[in-house]
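Please open the model in your viewer, and follow the selections below in the order given.

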Amino acid sequence: TRTDHTMPLKMPLQRHSRFIVLPILLCLVSFCAEVANAQFIVAHRGASHDAPENTLAAFRLAWEQHADAIEGDFYLSKDGQIVCIHDRTTKRTAPGRPELTVAQSTLSELRTLDVGSWKDKRFASERIPTLLEVLDTVPDGKRIFIEIKCGPEIVPVLKQHLQTSKLKPEQIVIICFNEEVVSQSRQTMPQYKANWLTSYKQATPVSAWKPTLDDVLRTLKRSGATGLGTNGNLKVIDQAFVDSIQAAGLEFHVWTVNEAKSAGTFKSLGVQSITTDRPAFIRNAE
Ligand code: G3P
Ligand code: CA
């Protein structure tokens, strides 16, 4: 008869298996809890603390720094291209060269400028990217917040460009201070989220901050926005403010949060995302 050698071999393995499986399970559970609890980090103009804002270098670095999304600023050029730049002119990001007004310049004119050297010589080859080039950097499962810096004239072109991109609708969020851009985007491209942006001002140091919460809620409703993007002014934003926006079924996003302490404050307020120039720093500080 054949002797069954499997039993004695199996027994020690079974006895020890709980010492191997249990810690793996515990690690898995704590990893899942950490991921579920992690802050949604949007890289403001890319990883713009370390690389020149709104360049492909900054967006690629943002992905390397484990951002969940990137944010970039976009204008329509004279020849109907959508280009990534924050200011109305090239003065700040291409110093020492004749200043170009973005809306009055063609893509090829804008492309002659070096928009990286102002940050560091090693970025001298950076050129103003197009929206399509920026969209191309977005990995599967990640998102882009497209901030429109011009008026609603860009909306039909934006729709066309977004349709040619490989990104899924849930990867794209349109954001804008201009209510009309938000409302036209929602009407003509309801498959994309669109957040209305605002910051707050006081006429005098003792007067009320404007817009008020009621003003904000009214604008969000009127424009059909899916959420609010707001500057992280903690004199205005408190738990009641966040709760009121979210109770209306709207998302709450905050910019520009570059310190660990304020990132923690906004996390505890339950915001949907924070936008930061320093994705790696904020992620590591969690
Ligand atoms: O995410 C919105 C925020 O970027 C708006 O401010 O001036 O950096 O475009 P700004
Ligand atoms: Ca922006």
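Begin with the whole protein chain, where, among contacts (heavy atoms within 4.5 Å) between residues at least 6 apart in sequence, 61% join residues at least 24 apart. This is a predicted model, in which local features need pLDDT of at least 70 and side-chain atom pairs count only at pLDDT 80 or more, while totals for chains, interfaces and linings use all residues. Residues are numbered from 1 along each chain as its sequence is written, chains are lettered from A and ligands numbered from 1 in the order in which they are written, and side-chain values use heavy atoms, with hydrogens and water left out.

Colour by secondary structure next: the chain holds 10 helices and 11 strands, taken as DSSP runs (H or I, at least four residues, for helices; E, at least two, for strands) and numbered from the N terminus. Of its 286 residues, 45% are buried, meaning under 20% relative accessible area with a 1.4 Å probe, protein chains only.

Now select strand β5, residues 172-176, in which five of five residues are buried. Ile172, Ile174 and Cys176 point one way, whereas Val173 and Ile175 point the other. In a regular strand the side chains alternate between the two faces of the sheet.

Methods. Buried means under 20% relative accessible area, exposed over 50%, partly exposed in between (1.4 Å probe, protein chains only).
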